[in-house]
Amino acid sequence: MASGFAAWVRDQIAARGYESPEEAARALGVYPSQMRQWTTIARSPTPQVLRRVAALFDATVQEVLIAAGFMTEEENVPLSPTRMSLQQLSNKQILDEIRRRTAGDAGGPPIPVRVDGVLHSSDGPPTAFVSNT
């Protein structure tokens, strides 16, 4: 496979059986002049072009970033499976981690935070919040 963004676009056109950039442009719903520009581009494409080309050729943005030279195959690895997503953590776990990371800050004592009606602070057990209204 040829290297570079323009070569990648030409390879995508050929792999999909289009006879020319113009035929591909008509089939994909872009101006032929735009497709010709992508097949001959000498400079790095803009992020908007990268996203549009990825969508048109049903490719991942990462694949297009690699073709354009913005990242390497080695950089295209998934995050470590041991890392947790914030959606997997409870509010208390997130707050505990924030407190752990900011414990040495010179900005004063940690700020108590209310989560689901319970006041969490670093100086004691959580306190339930009761509203008189």
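How much accessible surface does the protein have, and what share of it belongs to carbon and sulfur atoms? The accessible surface comes to about 9600 Å², and 54% of that belongs to carbon and sulfur atoms. Such areas come from the Shrake-Rupley method with a 1.4 Å probe.

This is a predicted model, where local features need pLDDT of at least 70, side-chain atom pairs count only at pLDDT 80 or more, and totals for chains, interfaces and linings use all residues. Residues are numbered from 1 along each chain as its sequence is written, and side-chain values use heavy atoms, leaving out hydrogens and water.

**Overall build**

The protein has six helices and three strands. Helices (H or I, at least four residues) and strands (E, at least two) are DSSP runs, numbered from the N terminus. Along the sequence, the pattern reads α-α-α-α-α-α-β-β-β. Of the 133 residues, 24% count as buried, meaning under 20% relative accessible area with a 1.4 Å probe, protein chains only.

**Helix 1 and helix 4**

These two helices pack at an angle of about 20°, and their axes lie 12 Å apart. Axes are lines fitted to C-alpha atoms over the stretch in contact, and angles run from 0 to 180 degrees between N-to-C directions. Helix 1 and helix 4 are therefore roughly parallel, a label for angles under 35 degrees.

The table lists the residues that make the contact (heavy atoms within 4.5 Å).

| Helix | Contact residues |
|---|---|
| Helix 1 | F5, W8 and V9 |
| Helix 4 | V49, L50 and V53 |

By class, this contact has six nonpolar, no polar and no charged residues.

Technical notes. Parallel < 35°, antiparallel > 145°, perpendicular 65-115°, else oblique. Nonpolar A, V, L, I, M, F, W, Y, C, P; charged D, E, K, R; others polar. Buried < 20%, exposed > 50% of the residue type's maximum accessible area, 1.4 Å probe, protein only.
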